[in-house]
Amino acid sequence: MPTTGGVPRRVTYENGRIRLIGWDRNAGILFSFPAVTGPYYFYNVASVNPENGKKTLYPLANANDAALSDDGHWIYFTRFGLAMTRDNMRAYRGGGISQLWRFDLNGGKEAERIGSHEVNLNRPMPWHDRLIVLSDENERYNLWSLATDGSDAKQLTHFTDYSVLEASISGDHIIFRKGADLYQYDLTTNEVKPVPLDLISDNTPRTPYWLAKPAKFLTDTDLSAKGDAVVFTMRGHAVVAAPSPRRQVIIATPDTVRLRHARLSPDGKSVIAFSDVKGESSIWRFSADGSGAGEQLNEAVAAEPVDLSVSPDGKKVAHTDLAGRLWLLDIPTRKDRIIDTATTDGTSSFDSLSWSADGKILAFVRTRGSNLRRQIAFFDTSSSRLEWVTDGRYESFTPVFSPDGKWLWFLSDRNFSLGNNSPWGDRNLGPAFPHRTGIYALALQKKTHFPFQPATELDDPEDHKDDDKKKDDKSKPEPKKPLPAVEWDGLATRLYKVPVAAADYRGLGATDEFLYTLETSEETGPLKSIHIDNNEHKTEIFAPKASDFQVTADGKKILVITSDPKKDAPDLFIAPTTAKKPDDLTGKTIDISEIRLRIDPVQEWNEEFLDAWRIHRDHYYDHALQGVDWAGIRKHFEPLLARAGDRSDLDDVLAQMVAEIGAMHSQIIPAKSTEKPATSLVASLGAHLVREKNGFRIDHIYQGDKDLPDQQSPLAAPGVDAQNGDIISAVNGQSTVNAPDLSVLLADQANKQVLLTLSRNGKEHKVIVKAVSASDERDLRTRDWEINRAEAVEKASKGAIGYLHLGGMTGEDMESFTREFYANIDKKGLVIDVRGNNGGNIDSWVLTQLMRRPWMFWARYGNAPSVNFQQAFQGPIAVVTDERTYSDGEAFAQGIEALHIAPVIGERTAGAGVWLSDGTRLMDMGSARTAENPYFDMQGRWLVENKGVKPDIEVENMPVATFNGQDQQLDAALDYLQKQMATHPLPALKPEPFEHPVSTGQ
């Protein structure tokens, strides 16, 4: 676009996350982009002439920033750095530090790394016979000057308040940003001056607007005691809604306030919620009809609120916080007291809160000490008695009291029925015990008859009196009687199991006649009703598809919630508690899809800034916050909010603020959008294409596992006649000859059928393919790289060594490991590649598989021998890491070294060694991620964070060699394994001859 303005003209078609570097007077526009071959984190640098569109690709793997010398002789570039992981951390010194390199474009064979290897060096800017860079030598980025070979480092600026974040050179002047301001640095005089800017704008992003689809930001739902209304917490606001035609009420709070965990009072007249209007969270009561300003019920506490539950009599509120405290607020007296402190018991979180129908007993759930299994406790609000009613042998959770006060129903994982018969068979990872959850009950009084107990001849008629009452006319009103008191003596021993099959139950509700539970391990599943009787106890499907539900304390009404990410709001209805939902839901549904909230962005940004600051204070693994004056940091950055022009500016301020603590896992996640992202328009054929005069030549179809036809690239799918070298001359009947890029014709075609006209040897034919999305294309590109590695290992070792790549440590990666590891179980050596591993939490499981080593074998009648442990790998292993091995990928590498399983080969890992729950969301579902859970070796020594895992054998994949297809780290792993196999060959599994008794001839 001309500097004088005009319509922008597109000049690149990489269809990936492009990073604009800048302008070079000779080369044109410099940019970096995802490499066309290799895993997701491989980047290349290129230039494009905006006049003629000519593109120059520089032969440098993993380059993400670059600058050319004035004479075009040298290219200075950076590799890795936090810009690639999007972490925000001062004084980062892990394996992924930003490296400075240079390459001779006039015949250079390989690039050389220059400058310090101990600090981050980025944004190279050639100037005469010097190289200006950004360096954090003194823990904060400043401008530095180096000789062109990286020596003779001299600091130019000495800022200590903010880091120099971006910089651009023109002549003898550098324009850079610090904080929220631009400055000019004169390289001839060393003078720094602010750049005055006078921006005139209507500031549309700062203007209040009406947010459609606020249910996309739904965080909490609560059914009223009468079952006639629901309060929703969404986007930090509370909204009361009911089956139409009742009006919907938005509780009036400014956007500088965030409400959490809104609940309706038992009389339905009030909404009770956490509010941070005072700067910290406290409990407030608002009128449910939307009138008034609300009143504060307790003192604010400097800890993030976690849960809130109002007693059925409306007089008490139980609430928990992130500091591991369970509080009980007495509303009439405003007295708020701590009734349980989890931290004294070695834990810090509570699972759920549940009240008896009369509000006298509170049941809560948490773990205790090093025991990971949740347990249930009772607290008597009258006597302050606290007693654990389940122990730590089994997981027990989701307690709910019966309306008559005689039972505590709960879920517990006590069923261990073998699901796979034995540990034998292909890829059998050991015994599996699915469907562990059963429904259990505690009798709260000694002589209470279990309603599921079959009748016997010895029964007392009084035992079935309650069952007979259920058959009476339910319209007959009964006087309300006090609930029977809990009889504490022997309570934990009065345990019963509901006679229904164990399953994957989630959630529990109780009435006098039914129990309700979701039977699913997925987001949605069938909501079932279980008849409470001593005969058939029939189980029926109340609703075939539900995500959550809630039953009123009196057991008369049920709220059913069904979420669908494709919809603007969940489906909701309130119905009587019967065996099945009514066929006609007229007058019972609640529609919140049309709700709109008025949002003041500036107010919301101020709230989210403060919320992010509190989140780090409360969640950060070191309560001393590394000695940082966190209150001072807030004061330092808060003034920048007044200058934020849009939501991304808030992210920038948050990034600068959280960097001051100094931790990895510190990415800033943007706000959630209710609109489809522009990337949804990008579609791909799963291949690298090259522009030709008569169309687009298929240069390389990305390979998939040949044994998994459903995972192939669109052009390699079964039945598709496409080959490397074919010319794509038309897409959906439209000629490709004049198209600037095939992506133009494939726009919005992801997951749709596409008609291609292919030309091969002068003959045309047509095929139908199914295009893939940008993310699927990225996965295909990574898989192609993996298969290329595996084939290289297969060829170099003549089939003796296997290869597998773990790109992450999630459930999908468990599946991948199971496929690939056991496919290589008979190899004599194995390469496990965790380069670019994004992390997760399965390191211990993978390590367990690798620690299984054979100790004996079976051999019978000439059959091939088989070892025990069955399917245990016998040969040597090598693990390969690099600078982008991250988080749990690093924990895996550390475990490999600590347990002496194999050598680690490659480069030092990223150094993201403090894990996190990743549940810290702001009002608009953005997030300032927070490192929460550090780990140590068995001697208590600090591991990984800001250091990384140092390999046993250090090997660097050089930029040019890697670009040209070499893999020096993989070659080193192969070399190691081949030497191990030569010097320590696996012994042949050959049984010795059987000894036969010598015949005496008698």
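Trainee: How many bridges join strand 9 to strand 10?

Mentor: Five bridges join strand 9 to strand 10, residues 130-135. The two strands run antiparallel. Keep in mind that this is a predicted model.

Trainee: Which residue in strand 10 does M125 stand opposite?

Mentor: M125 stands opposite I132. Now look at the sheet around this pairing. Four strands form an open sheet, in the order 9-10-11-12. Its pairing is antiparallel.

Trainee: Which strands stand at the edges?

Mentor: Strand 9 (121-127) and strand 12 (154-155) do. Each has a single partner strand, so one side of each is left without a neighbour in the sheet.

Trainee: Let's move to aromatics. How is a pair of aromatic rings described?

Mentor: Two values are used, the distance of the centres and the angle of the planes. A search of this whole structure finds 37 aromatic pairs. Take W409 and F450: the centres are 6.4 Å apart, with 45° between the planes. That pair is tilted.

Trainee: Are W409 and F450 buried or exposed?

Mentor: W409 is buried, and F450 is buried too. Compare another pair, F514 and Y516. Their ring centres are 6.0 Å apart and their planes are at 45°.

Trainee: Why does the F514 and Y516 pair count as tilted?

Mentor: Planes under 30 degrees apart count as stacked and over 60 as edge-to-face, so the rest are tilted. The planes of F514 and Y516 are at 45°, so their pair is tilted. F514 and Y516 are both buried.

Trainee: What lies over the face of F159, and at what distance from the ring centre?

Mentor: K178 does, at 4.8 Å from the ring centre. R634 lies over the face of W613, at 5.3 Å from the ring centre.

Trainee: Next, nonpolar side chains. Where do they tend to be in soluble globular proteins?

Mentor: They tend to be buried together. In this model the largest nonpolar core has 34 residues. Those with the most contacts inside it are F378, L408, W409, I439, F452, V498 and L515.

Trainee: Which elements give two or more residues to this core?

Mentor: They are strand 31 (361-368), strand 32 (371-380), strand 34 (395-401), strand 35, strand 36 and strand 38 (505-510).

Trainee: What is L408 in contact with, leaving aside its neighbours within four places in sequence?

Mentor: Its contacts include A363, I376, F378, P399, V400 and F401. Y440, A441, L442 and L444 are also among them.

Trainee: On to charges. How many salt bridges does the count come to?

Mentor: The count comes to 61 salt bridges. One of them joins R263 and D220, with the closest N and O atoms 3.3 Å apart. R263 lies in strand 22 (residues 259-264) and D220 in strand 18 (residues 218-223), so the pair ties together parts that are 43 residues apart in sequence.

Trainee: Are R263 and D220 buried or exposed?

Mentor: R263 is buried, at a relative accessible area of 10%. D220 is buried as well, at 14%.

Trainee: Which residue does K580 meet in a salt bridge?

Mentor: K580 meets E540, at 3.9 Å from N to O. K580 is in the loop between strand 44 (571-576) and strand 45 (589-590). E540 is in strand 41 (residues 539-546), 40 residues apart from K580. K580 is partly exposed, with a relative accessible area of 48%, whereas E540 is buried at 11%.

Trainee: Where do E794 and K827 lie?

Mentor: The side chains of E794 and K827 meet in a salt bridge, 3.3 Å from N to O. E794 lies in helix 7 (residues 774-796) and K827 in the loop between helix 8 (811-823) and strand 57 (829-833), so the pair ties together parts 33 residues apart in sequence. E794 is partly exposed, at 39% relative accessibility. K827 is buried, at 18%.

Trainee: Which residues do salt bridges that share partners join into one network?

Mentor: They join R258, R260, D276, E607, D611 and R614.

Note on methods. Residues numbered from 1 in each chain as written. Predicted model: local features only at pLDDT ≥ 70, side-chain atom pairs only at ≥ 80, totals over all residues. Heavy atoms only, no water. Phe/Tyr/Trp six-rings, centres within 6.5 Å; stacked < 30°, edge-to-face > 60°. Buried < 20%, exposed > 50% of the residue type's maximum accessible area, 1.4 Å probe, protein only. Lys NZ or Arg CZ within 6 Å of the ring centre and 35° of its normal. Pairing = 2+ DSSP bridges. Core = buried A, V, L, I, M, F, W, Y, C linked by side-chain atoms within 4.5 Å. Contact = heavy atoms within 4.5 Å. Salt bridge = Lys/Arg side-chain N within 4 Å of Asp/Glu carboxyl O.
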